[in-house]
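Let's take a walk through a protein model together, one feature at a time. Keep the picture open and follow along.

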Amino acid sequence: MLGSKHAKDTHAPHGTNPATGRSAAGDAKADTAKLGRDFGWIAALGVVLVIAGVVGLCYVGLATLTTMILFGWLLLIGGVIGLLHAVQARGTHFFWLGVVVAALNIAAGVVVLKTPEAGAEALTMFAALLFLTGGLFRLVGSLVVRGPQFGWTLVQGAFDLLLGILVLATWPSSSKYVIGTFFSLALLFDGLGLIATGFGGRRIVGLVSEKLTESHRPAGGRSGRGTEPVQPE
């Protein structure tokens with residue numbers, strides 16, 4: 001039995017994979033086809049995210065409410081998982097710290113789920129303060145350092161500062177659309193990036209597949225003619 005199996009493997013055609021029974025060119029085509037399908041799924045996911053982002057920009061109030069509900073569930077689930085990890089790590093020095101952090105996450109998740117509007121107001125205030133402090137630090141840092149990116153840093157700092165002032169000036173009414181707008185824009189740009197990655201990846205896979213096909217083509221097939229017979233003298 002072993003001798004017959006070894007004979008079969010020995011007499012396998014050149015360039016054939018004994019495990020799959022296919023040639024190296026066939027395996028390469030199968031791999032590139034699978035990779036192309038994977039990039040196609042990435043592009044499809046990008047299309048879904050772009051559609052969700054556009055819908056969110058059209059209905060920013062609904063997008064804000066949806067974002068806060070998702071945020072509340074994330075806090076709640078994260079708190080439960082953190083509490084389970086803390087229980088598993090009981091007896092260590094970090095047990096009570098883990099319990100306190102998990103309890104705070106669970107409490108914050110419950111509050112956000114019960115009152116998403118108040119959660120949106122608090123999160124909008126926090127975002128506005130981040131914009132203000134970040135813009136102020138960028139402005140002061142660009143004026144003090146004056147590095148090679150001085151102009152760009154100055155403009156970015158001024159934009160962050162202005163955005164923070166605008167959000168605070170219209171708070172709390174701005175909390176109805178600020179979070180939803182940011183979330184929808186994030187979905188939109190992430191979707192565009194996935195679409196570009198998917199189509200670019202499929203194009204590269206297609207080029208690689210063509211190169212592999214040409215490299216595994218017989219020499220006579222490449223030149224378009226076989227070897228000419230030698231005429232006897």
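Start with the overall layout: the protein has 8 helices and 0 strands, where helices (H or I, at least four residues) and strands (E, at least two) are DSSP runs numbered from the N terminus. Reading from the N terminus, the elements go α-α-α-α-α-α-α-α. Before going further, a word on the ground rules: this is a predicted model, so local features need pLDDT of at least 70 and side-chain atom pairs count only at pLDDT 80 or more, while totals for chains, interfaces and linings use all residues. Residues are numbered from 1 along each chain as its sequence is written, and side-chain values use heavy atoms, with hydrogens and water left out.

Now for some whole-protein numbers. Of the 233 residues, 23% count as buried; buried means under 20% relative accessible area, exposed means over 50%, and partly exposed is in between (1.4 Å probe, protein chains only). The protein exposes about 16200 Å², with carbon and sulfur atoms supplying 72% of that (areas come from the Shrake-Rupley method with a 1.4 Å probe, and for residues only the protein chains shown count as cover). Among contacts (heavy atoms within 4.5 Å) with a separation of 6 or more, 75% are between residues 24 or more positions apart.

Next, find helix 5, which covers residues 116-145. Its 30 residues reach 42 Å from first C-alpha to last, close to the 44 Å expected at 1.5 Å a residue (the expected span is 1.5 Å times one less than the number of residues). Several residues of helix 5 are buried, including Gly-119, Ala-120, Thr-124 and Leu-132. What does Thr-124 touch, leaving aside its neighbours within four places in sequence? It is in contact with Val-167, Trp-171, Ser-174, Ser-175, Val-178 and Ile-179. Thr-124 has a relative accessible area of 0%, so it counts as buried.

Beyond its neighbours within four places in sequence, Leu-75 is in contact with Asn-105, Ile-106, Ala-108, Gly-109 and Val-112.

Helix 5 also takes part in the 1 salt bridge found in the whole structure (a side-chain nitrogen of Lys or Arg within 4 Å of a carboxyl oxygen of Asp or Glu). Arg-138 pairs with Asp-160, their closest N and O atoms being 2.7 Å apart. The pair links distant parts of the chain, with Arg-138 in helix 5 and Asp-160 in helix 6 (residues 150-169), 22 residues apart.

A nonpolar surface patch of about 930 Å² includes Val-47, Tyr-59, Leu-65 and Trp-73; patches are made of residues with over 30% relative accessible area and no salt bridge, with like charges joined within 9 Å and nonpolar side chains (Val, Leu, Ile, Met, Phe, Trp, Tyr) within 5 Å. Helix 3 gives the largest share of this patch, 6 residues.
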